[in-house]
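User: I am learning to read protein models. Please take me through a few features, giving the general idea and then the case here.

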Amino acid sequence: KRAVFARLDGACPTAVLASNTSTLSIDAIADAVADPTRVVGTHFFSPANVMKLLENVRGARTGDGAVAAAMALGKRLRKTTVLAGDAFGFIGNRMLEPYGRECLALLRHRDVGVSNVDAALRDFGMAMGFFAMSDLAGNDIGYAVRTSLGLTDAAARDPAVEYSADVADALVEAGRLGQKAGKGWYLYEQPRVPSPDPAVDALVSQFKDSSLPNVGAEDILDRALLALVNEGFRVMEEGLALRPSDLDVVWTSGYGFPRHKGGPMQWAEERGLRDCCTTLERLAAERPDVPYLRPAKLLEAMAEADAPLADWEKYV
């Protein structure tokens, strides 16, 4: 990316330079440009001709003109546009990370399979389960991100932190990249039509832990959705979004979160922030090696005060 932007800098000395990256740092890309104020992120969600969301990313040095141009582009393209700050994953993929990790961790339970997790999420109202969504996006994308972070190398990982993506790594290493390969978490004998594959069950069985208890649909939703919500509160803490409703817009427009539930942050408020916090405390106590389950400080403060989401700025 930096090499490309360095070339663009000379060829387009006055243009706004935008990157569609979903996780890479806009600030790091801007280092290759003489005037970093004209570098901005324009993260289109895939498939871009279908998905309405455009997540524009403002780096630390991005100028107001570049932001205005990116927001105007979104309006011209009739996209639902949200402005995010520059940090790993921005808003949407930052929240997706723990959500996905929990879905993967659930596969370790002896009674849970790929279809069980996806069915619970679909029944909740998600447009697609996590594994079907991964197949659509391409399982190699997540693998590339994990590799860039040094996570696919077991020797380089922190042994004190749970790593649940080993099963996803094995899937990619077996050539199951998703819909584009005709096989991923599901088999695609017909284009875009997923069907369970015994080969995936066999692969997943290698990562099972017989000591783990049975898990039902309610537990699946608690773990996946509260990991998602908790990261949303961290996103707010870090100033990566302008308001909680922006997180809801990202997830209803870009990830298929059920619109009738308002989005993950509104869903959490309606469930009750105290209940969300208490449940996360229990989950974190059961698995102390999973940092993302520890309640965010903002969530803890708002739960203790029984505060509405609208007052979030008072507790940052």
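User: Is glutamate 102 buried or exposed?

Analyst: Buried means under 20% relative accessible area, exposed over 50%, and partly exposed in between, with a 1.4 Å probe and protein chains only. Glutamate 102 has a relative accessible area of 0%, so it is buried. This is a predicted model, in which local features need pLDDT of at least 70 and side-chain atom pairs count only at pLDDT 80 or more, while totals for chains, interfaces and linings use all residues. Residues are numbered from 1 along each chain as its sequence is written, and side-chain values use heavy atoms, with hydrogens and water left out.

User: Where does glutamate 102 lie, and with which residues is it in contact?

Analyst: Helices (H or I, at least four residues) and strands (E, at least two) are DSSP runs, numbered from the N terminus. Glutamate 102 belongs to helix 4. Contact means heavy atoms within 4.5 Å. Leaving aside neighbours within four places in sequence, the contacts of glutamate 102 are Arg223, Ala224, Ala227, Arg287, Val290, Tyr292 and Leu293. Leucine 293 is 191 residues from glutamate 102 in sequence, yet the two are 9.5 Å apart in space, C-alpha to C-alpha.

User: Which residues have a positive phi without being glycine?

Analyst: Arginine 192 is one of them, with a phi of about 70°. Arginine 192 lies in the loop between strand 5 (187-190) and strand 6 (193-195), and at 61% relative accessibility it counts as exposed. Aspartate 306 is another, with phi near 55°. Aspartate 306 is found in the segment after helix 14 (297-305) and is exposed, with a relative accessible area of 57%.

User: Which residues does a cis peptide bond join?

Analyst: Serine 46 and proline 47 are joined by a cis peptide bond, with omega about -10°. Proline 47 lies in the loop between strand 2 (39-44) and strand 3 (53-58).

User: How many helices and strands are in the chain, and what is its radius of gyration?

Analyst: The chain has 14 helices and six strands. The radius of gyration is taken over C-alpha atoms, and the globule rule is 2.2 Å times the number of residues to the power 0.38. For 316 residues, a compact globule would have a value near 20 Å, and the 20 Å of the chain agrees. The C-alpha trace spans about 60 × 50 × 40 Å along its principal axes, and 50% of the 316 residues count as buried.
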